[in-house]
Each structure stands twice: as structure tokens, then as C-alpha cells.
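Colleague: I have the chain open beside me. Could you take me through the packing, one question at a time?

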Amino acid sequence: MQGENPLPEAVIEKYAKTSGEICKDVFLLNKSGIMTTAHGLRIGCLGGIYNPGIYSSAESPPGFASPFFTTHTIERLLSNTLIKLTTQSKGHNYGSLAAIRNSASTSQLIDILITNDWPASIAQLTTTPLPAPELSSIGAPPLDDVIRKVKPRYHFAAGGGYPPKFWEREPFVWDDEQGRTSRFWFYAFSIAPSTPEAVPPARPANATKNPFTEVISRPLKRPLEASEGQNFIWGNVSQGAGKRTRTSIFSLFSNMPHQMGNRLLDISVVGVNQQSTLSTTVLNALSLQKDTSAKFATTPVLNAPIKPGHLVRDCPTRHAVGDTGGPNQRPSHGERGRRAPPKEIGPDECWFCLSNPNLAKHLIVSIGTECYVTLPKGQIIPTQSAADHGNIFTVPGGGHVLIIPIAHHPTFTTIPSDIAPPIIDETIKYKTALQALYAKHGAAPVFFEVGRLSAKGGHAHIQAIPVPVALQHKVEDTFLKEGRTQGIDFESDADGALDACAGGARSYFRVDLPDGRKLVHLMKDHVPFSIQFGRQVLVSLLNTPERFDWKSCVLPENEDKADVQAFKSAFAPFDPSL
């Protein structure tokens, strides 16, 4: 597992080529992921170190060339807790799709968690002395939320000061999980897989309160003597002589001097031994003023510019006002018509993240190591009660599917180069398998990707649509014709155009034609591009204009499930995950 340093390029290349085997009997764990042993033990890992300035600001998940983990790294870990990866499965495929679809809350629970960093709250509510005082403040706050969700039975953390020091904490119990017990950094242990039939364990005699569920508050300390000069939060603000006037924390924010608008408020809640009294007051006050207590419980580090309408929100929306930030304000004369930057889509809102509880899991047809395949809602091909176009309904279940990386990346070109190879390789395998399936049923594949970068983010995916073999020679001309009507031109050098998009440099639209050639359109700034363009072209080719709006094509869930079963049965001989 990665520690606090970037990995050498030779190690990264070896990892990409061998799926983790660095040398005989030595394997490098992924930066974040879950694996299930042959005995059923679920083991999670999170490599790298926490840096508050990088954690929320990174636009894409860092690979092994970076020593840090970010929100994207955490999202991938939590997404993978919803699926099973067994060490004995062929091709390291994920196991039970039923478990994914059912999405039981306990599906995120793991047996062992291995991290480099300590969680921020681990040193709270313990009577075991720390080997060094500074260990009370070295924790990574985002790990607290991970612990709350996966509730590991054992947690091993490599980092523990410089040099690292051993510390064994008393166990603590999760009352909402039938007394499930967690232990931190035990040097020797015995563990058996959890089963539904297992008798809940007895509460350990030395168990403490749970540091990740107990609310710890400290009284506000207000000195009565005069204070003048440099204020540690607001700057050079004179307090005057005598006692301070009692001031509501709300008025403290609403009456903050305008000239302090660009100063930074940096409040770190890293444990009871380091938590500032001001941070406690701010968090408590704001949770009363706004219904944001849940967010602060899972976002313990706040680092945001104080601006009008910005009452200490979480970092990813530090510049937002109105619906995603502070209260709406009447714009000044020079600001009329401006909009705040949109809030980035989180994994709980992303249509394609497996950690989204609203994901249509009943449509998933295959899950690999890095990608999964799903039928879309309202596929282009009419099926079931809508199947009145017999000439195009040739592939069982319709055949219109999406290939989606499990990790959250905006586009395929934004995936870091050191972790991209296995994702791209598995995507190609799925494309090849779909091509073989379609050919068996008299169809040819058209793949397209809308690689659009936006402030809201997004989740990369490729759409695969079968077209009758008799129409495959018309695909290119139809894209070119429809493109001309919308001012969409395609580059003469498709591969060179994709190279220009590497690292998220450009937004693009890509089509893989049935004969293997590519069409690439480079989107231009301030020129609109319809994300439905690919669908528009194909419904025109198939002469099914009524299928253009996917919302009008959505089927009842029982018909969706029938399509899923039909497609899975037909795809099974070609599925690279089986």
C-alpha cells in the first residue's frame, strides 16, 4: 500500500502491467479499494496521506505518482464497498449482482481496513496514553466518515508520528450494528468472516464509548480582560477596553467588516485535544441557523474564504451563494446577471456512482474489476411493450448498454495515466465482447462518448448501441450530416484530436464506427453542444424519431428486469467478467 511518498515510475509501470504484483509474492494494493478473500473476509485499503488544501480541490483522483488522497479516492473506496471482489474469481471479477442491487446498508461493512493515515477522532474517548502528544492531532478528518460507513472490525494504520509509533486503542462498539466491535492497530489478532447466523459478540470489558458517534462539545471560554491588536481569526481588529460586549455568533458573521471579506477562516476539528473553542461555537451556532449539522458531522475540516453570503460552508462550494451557499443577496449594480459557480456533483447525486442509493441497480448486467455494464433507462432500442420495430430489435434485451468505470472520473481522458491502463483495457474487452454479441444477432456496434468537462463534474461512460448490419455503412454519413446541421465538425486526425484532450485539456465527442474508425469533435468554449446529439443521430438512422427523448422511453421496472435477464443470458458467453 502507498505510504507518504510518491511511488517510483518503474513501480507504477510494473503495477499497471501485472495488476499489482511487484515481484514474487509481493503485491501492491490499489490506492483505494476492496477485496474479499477466499474465506469471505472483506479487506479495504486507502493509501496516501491527507492534505486539507489538496483534498477537496483536486479535479481528478490522484494516482501513485501523487502521495495524497482526495475526495475522489474516498469516493472510489466507498463505491467499492458495495460490490464483492474475490481473490479466486476468474479475472478478479465482482461476485453477486443481487447484493449490489439489494444495496443493503450492511453491504458497506468490512472486516479489515488498512490505511496510512490515522482517523481524526481515534484518540478521543480513550484512557490509553498516546506515545507522543502530537499524535492527538495528526488524524485525517475524512477518514472519520469512512469509519462510520464501513465500521471495520480491525483497523491498521501505518502512520503514527515521525518515526511511526505503536499505539493500541481500547475497542469500541457500534450499537446500531448489533454490538459490532472495532479495534485499532492490534499487533496480533484472530478473525473469522462475519455471517448472518453468527451470534453477536459480547461487549468487551474494556470497551470505550465510540469516538465516531459520540458528540463531544466543550464550553466556550471568554476572557473578560481587554484585548487589542492582532486577532487570530479576523485580523487587526481592536476590541476596545473593558469587558467584551456579549455578541451573538450570528451577528459576528453578519456584521463582519467588509474589508475582512478576503481573509481566510481555517478551522480544523481534529480531536478533543486540539478542537478550538471558536470552532465548537461556530459549528454549533451554524447548525442551529442552517440545517447543516449532518454535513459538518462528515466534513470536519473547513477552509473557506469568508465572503458576503458565505457562512462557513463545506470547501467544495466555498464560492457558492443562494441554493448552494449562503443566503441569497440582491446583486450589486456591477454583479447583476452573474451566477455563482455550480456545485460539483457528489457521489450521492451521481447517476453512475455505485455508492448512490438512487442508482438503478436493477439495470446492471455485468460488473468487472474496473468497469460495470448496465442497460440505460429508456434505451434507444424499443423492447417489451414498445417493441414495434421488428427490424431493429434483434439483440435480446435490446442491446443498448453503457460501459461505466466504477471510479468517478469526468471523462476517460481525465483518468490519471498511472491508473488508466487497467480501466482502458477492461473497457476495450467489454467493447470487443459486445461486438461479438451483436454480430451473433445480425447487428454491428456504434460506441459514443460525450467527454464534456464542466464545473458540475460528471461520470465518464460510453454508450453502445447495436444497429442492423444493413445500416452499418450509413453510420458515418448520418453523423456527418446531422453534425453539419448543428455546426458540429469532426477532426481529420481523430487520434491527434484525442491526444489534445489528454489530462482533461479539452471537451470532446467521440464515435467509434462499426468498422473500427473514429470520429472526434472537439468542443469549443462558449459554443453549446447537445449531450443528446449521439442519440439524435442514431434515432434518425434507425428511423425511430419517437425514441429521441429517453424519458418518454422509460419502461416499468418489471419490463426492465425482463430485458436485463434476456441480455445477461445472451451476453454470458462473451462476458469478460465471467
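Predicted model: local features only at pLDDT ≥ 70, side-chain atom pairs only at ≥ 80, totals over all residues.

Colleague: Are the faces of strand S14 covered or open?

Modeller: In a regular strand, side chains alternate between the two faces of the sheet. On one side of S14 (residues 371-374), Cys371 and Val373 are buried. On the other, Tyr372 and Thr374 are buried too, so by the 20% cut-off both faces of S14 are covered.

Colleague: Which residue stands opposite Cys371 in S15?

Modeller: S14 has antiparallel pairings with S13, over three bridges, and with S15, over four bridges. A hairpin of three residues links S13 to S14, and Ser366 stands opposite Val373. In S15, the residue opposite Cys371 is Pro405.

**The cores**

Colleague: Which element gives the most to the largest nonpolar core?

Modeller: That core has 35 residues, and Val401, Leu434, Tyr438 and Phe567 touch the most other members. Elements that each supply at least two residues include S14, S15, H9 and H13. The most, seven residues, comes from H9.

Colleague: Which residues does Phe567 touch?

Modeller: Leave out residues up to four places away in sequence. Its contacts are then Val365, Leu375, Val395, Pro396, Gly397, Gly399, Val401, Leu434 and Leu437.

Colleague: How many residues are in the other core?

Modeller: It lies apart from the core that holds Phe567. Among its members are Leu41, Ile112, Ala140 and Ala157. Its count is 32 residues.

**Cysteines and His459**

Colleague: How many disulfides does the structure hold?

Modeller: Take Cys350, buried at 5% relative accessibility. Its nearest cysteine sulfur, that of Cys353, is 3.8 Å away. The cut-off is 2.5 Å, so Cys350 is in no disulfide. For the structure, the number of disulfides is zero.

Colleague: Is His459 buried or exposed?

Modeller: His459 sits in the loop between S16 and S17. Its contacts include Cys350, Phe352, Ile404, Pro405 and His408. With a relative accessible area of 6%, His459 is buried.

Colleague: What separates the C-alpha atoms of His459 and Cys353?

Modeller: Along the chain they are 106 residues apart. Cys353 is among the residues that His459 touches. Their C-alpha atoms are separated by 7.7 Å.

**Met35**

Colleague: What is the C-alpha to C-alpha distance between Met35 and Asn80?

Modeller: Met35 lies in strand S3 (residues 32-36). It is partly exposed, at 27% relative accessible area. Asn80 is 45 residues from Met35 in sequence, and the distance in space is 8.8 Å.

Key: Residues numbered from 1 in each chain as written. Heavy atoms only, no water. Buried < 20%, exposed > 50% of the residue type's maximum accessible area, 1.4 Å probe, protein only. Pairing = 2+ DSSP bridges. Core = buried A, V, L, I, M, F, W, Y, C linked by side-chain atoms within 4.5 Å. Contact = heavy atoms within 4.5 Å.
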